[in-house]
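Q: I should like to learn how to read a structure of this kind, step by step. Please show me where to begin.

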Amino acid sequence: MSRLPEKAGVVVIGAGIVGNSVACHLARLGWSEIVQIDKGPLPNPGGSTGHASNFIFPVDHSREMTALTMDSVRQYKELDVFTQSGGIEVARTEERMEELRRRMASAKAWGIEGVRLVTPAEVKELVPFIDESVIVGGFHTEGVAVVDSLRAGTLMREEAQAAGALTVVPNAEVTGIDTERGRVRRVRTADGDVETDTVVIACGVWSPLLAKMAGASIPLTPAIHQMIDIGPVPRFAGATKGIEYPIVRDMDTNMYERQDGTGLEIGSYAHRPILHDPSAIPSIEEAALSPTEFPFTEDDFALQMEHALELMPEIVGDESVGIKYAINGLLSLTPDTLPLLGETPEVGGLWSAAAVWVKEGPGVGRAVAQWMTHGESEIDLQSSDIARFYDCQKTAVHIRARASEAFNKTYGIVHPGEQWGSDRDVRLPPFHAREQALGAVFFETAGWERPHWYESNAKLVDEYGVDGRPAEWDARWWSPIINAEHLAMRDRAAIFDLSAFCLFDVAGPGAPATVQQVAMRQMDVPIGRGVYTPLLTPGGGFRSDLTIMRLGDEHFRFVTGGLHGMADLKWVADHAVDGATVTDVTSAWTTLGLWGPRARHILASLTSADVSHEGFPFARCRTIEIGPVQVLASRISYVGDLGWELHVPIEQGARLWDAVWEAGEPHGIIPAGIGVYGTTGRIEKGYRAFGFELDGEYDVVEADMAWGKVKDQDFVGKEAHVRQRSSDPAAILCTLTVDDHSSGNGVARYMLGHEPVVTRDGAPLIDAKGRRSFVTTAGMGPSVGKYILMAYLPPEHAVEGGELAVEYMTERYPVTVAVVGSRAIFDPENTRIRS
Amino acid sequence: MNILVCVKRVPLTGGKMVLTADERAIETRHLGFTISPHEECGVEEAVRMVEAGGGSVTVVTLGPPEAEEQLRDAMALGADRAILLETDGSDWDPEATAAALVEVIEGEAPDLVIFGNESADSGGFQVGIRVAHALGRPIVTGLKALAVDDGQLRCEQEVGSARDVYRVPLPAVVTVKEGINLPRYPSVPAKLRARRKPVERRTPPSRPPRLEMVRLVVPESRGRQAEVLGEGPSAAPAVVELFQRLGVA
């Protein structure tokens, strides 16, 4: 008889830390008939959990990953599998010390206490077997710990089993996942089939193979992480527990050293990237150790042994301490280093919970289970949403290129603006050659090459008297040309390449109802209107913010940012009612932006259409002719100036560029990059950006975007939204300006975002929901001559003129609250846009 | 005393044995490589003898270029230098292997040559004996203890539950068995030193094999080797009974 029930409410594939946690949290949230399958035995089925080093360093520059880790810490503690040891990230260089100072800021911004910078002597006191002469300092985190992830998994499974919600079937290999009309129907195994409409793939390095069975993609690659265990260490001879000394991360050599009972484990992310194909992982029977413990390749570890010897000569240099265990362990790498969570865009009911480390496993399990249950999770998972990828980002070449590039940055000093070097030039707009000729410096978004600024505008720096940034870190991936382009746009006009927009159409008889359902704002508008609207989560948080153009009675076009476009498309498609089709037209249309006081003169010279303020008012869109090209012009602005988005079929984009350029030359038109569009232009205007100011953890009232009355029609998140409107916000999004940029050594510093906003005395600001204030966006407002920060502040601090501070590299800089809410600091009456 | 130890690169198996499609080799795509446990003990024994009495240890292998890895492993245990008789990876039969080794040993003229009792893969039990015969040296096989005593070699060979003891003059050849000692785990400094020790590469003259491998066959699995005696405290009586049967309780 089959060990599998005939049907299941949900099938969780995988019994590593992630699968166990998902199963447990689904049971807690009321799911029943959960079936968990693993091809391996229990409690260690042979995946990456089984050989993980199991330690947790909570501080990360990503808020999302830190939140998942802190939730995991809480859960591991509850399960009593948590041994706190403390941990020190040591620096061998001054550049690394600066990075550790930046970590201090992230810790404070995300609310992690018990961190401090330590001197080499203090490191020596905590870790007496270190050679402190090799290092220049360290970052000590009290809360660093080692967990028993296998035991945690067992306890979580047992809890769900005891509740009668879970059937666990080990030693059963999944052989197929059947779908019908784009949805999961059943899971096939060697032990029989189980009918289900929901499947969670939590199979670590094997996940791509499982997804493929259903016709979906989980874009990760198995990669090698080398580690050795040496011992017995005389100093650890009396060890009574697994770890008694702080874990050391030797950041500059991409390595860690940790006590493991009487041994010392040495791990590395420094060796060449060694990637494997998921289909080439040996079976459990064939594997010499476990399937994810590959034979050690010593040549790749030679330099690492030297580095370990330098740092810990007392132990590593001891001839009596032998190498007892050495493996090439498999772990999962993704194209952008982040996990792959959520329902796959290809197959309904097929969920991914993959590319997750032990440190965030339980938190991911809880968040994914919440998402499956409520349609959203407490911790916003937008950076990890598996729906974020475009097809070109799911290819083997892309995955391997980016995973290889990222691997050696595991402990790297990664600048917030840092660009990928590999697999570039994949999505090129029709303007690309012209942009190259103008000296465009390209940044990548969603695979697109976008000019961030143009070197041909270098002369504008002197013309407008723009200052540089003296600190190399602040000036990295930045140019004063951005500010000069901004001023030239405000002075004359600028043309922007907006090809990276994600565009999709909702059409058909069901279109009006679909659009009304997803958009917070009233969409029952005349044809030819453009509406900027939030899309809300069921709980009233931000799912997105975007523009919708009504092109016909039953035809709407969504215009959204490239970075989040695919997730938006899935969200809208998931909410489409009968009779509505959702079609991605991103690769059919391209967009040029034309903004500045001369924009109307330029456009008028190109078309016979009436583009006067009265003839073509703000927030209207219509098709006009420019030469032989029919252009969908939309009068809207994200940079705070008069102008239009010009949408054209992609093959006619170059012709449009040439026409606008030629007409603009007498008006002094310049090309301007995303540095203006994405930061300086918008921040002066107080415009919010999804993923910066806006996410599922903040609501419309807090973002001060609850203009007008709530529409009568139903929409996702309405109930919560109405409730939020009737109560006082826990925080309010404010615009702040920096009063003094001077650091202690007199160098002017410019923060880049994610720094903690504190009182002038350095106390963190914590709102009634426990969220800390931090800089959501930082950037120059060239037209107001101020360096501008945006941040959510608790009401008692959201007072215009209020004096606060921002912490950057452990120094405090005075700031003043310039605007409470969404009013613009530049042209608050919007005279430019509406001129 | 100068000691020469002969080792052979073999796949490090642990799971199910899989053959290549032509059934002429073990599929090694997922496997690491090692030397047999007998040979590892041979290296350890040589290193201990030199540590105690002076001299040097040279480790020799005949194999593909990648066999340098096994030579480095042996040097991490304490061997001083290595000689790689480089082949194109094809199989050499025991006769050809012995002939190639004899040439090296004649040049090196070590006091003692140590082999593992048999290789871990082909298990021919031949090369050591052929080498000794060709060199006209005495050989004692299957040793569980080895010592230099008054200029002679004292060899203990396991015979049933007893041991035969042989005394042989040097120079001599011996083959040793796992259990003669407990090899050390190499330390990190030893690993790093081994990377800097010299490996001399030579190309042995190839001889047409007289022994031809037709194909490999993986023997039928003997099935499940483990017996579950029970779970939790209720398994205790069965465990006690087993211990009593084994005479350990």
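The dialogue below turns to confidence, then to the interface, and then to two single residues.

Q: What confidence does the predictor give the complex, and what is the average pLDDT of chain B?
A: Where pLDDT is low, the predicted coordinates should not be read in detail. This is a predicted model, and the predictor assigns the complex an ipTM of 0.89 together with a pTM of 0.94. For chain B the average pLDDT is 93, and 99% of the residues score at least 70.

Q: How is the size of an interface expressed, and what area is buried between chain A and chain B?
A: Interface size is often stated as the accessible area lost when the parts come together. Between chain A and chain B, about 1900 Å² is buried, and carbon and sulfur atoms give 60% of that area. Chain A brings 24 residues to the contact, while chain B brings 21 residues.

Q: How many salt bridges and how many residue pairs in polar contact are found across this interface?
A: Five salt bridges are found between chain A and chain B. In one salt bridge, the side chains of A:D299 and B:R195 meet at 3.1 Å, N to O.

Q: Which elements give two or more residues to the side of chain A that touches chain B?
A: They are strand 14 (221–231), helix 7 (302–311) and strand 19 (322–333) of chain A. Helix 7 of chain A gives the most, with four residues. By kind, the residues on this side of chain A comprise 14 nonpolar, two polar and eight charged.

Q: Why is A:Q393 classed as buried, and which residues does A:Q393 touch?
A: A:Q393 is classed as buried because its relative accessible area is 10%, and the cut-off is under 20%. A:Q393 sits in the loop between helix 9 (361–374) and helix 10 (396–407) of chain A. Not counting residues up to four places away in sequence, A:Q393 touches A:P219, A:P335, A:R388, A:H398, A:I399, A:E444, A:A446 and A:G447.

Methods:
Residues are numbered from 1 along each chain as its sequence is written. Chains are lettered from A and ligands numbered from 1 in the order in which they are written. This is a predicted model: local features need pLDDT of at least 70, side-chain atom pairs count only at pLDDT 80 or more; totals for chains, interfaces and linings use all residues. Side-chain values use heavy atoms; hydrogens and water are left out. Contact means heavy atoms within 4.5 Å. Buried area is the accessible area (1.4 Å probe) that two parts lose on being put together, summed over both. A salt bridge is a side-chain nitrogen of Lys or Arg within 4 Å of a carboxyl oxygen of Asp or Glu. Ala, Val, Leu, Ile, Met, Phe, Trp, Tyr, Cys and Pro count as nonpolar, Asp, Glu, Lys and Arg as charged, and the others, Gly among them, as polar. pLDDT is the predictor's confidence in each residue, from 0 to 100. Buried means under 20% relative accessible area, exposed over 50%, partly exposed in between (1.4 Å probe, protein chains only).
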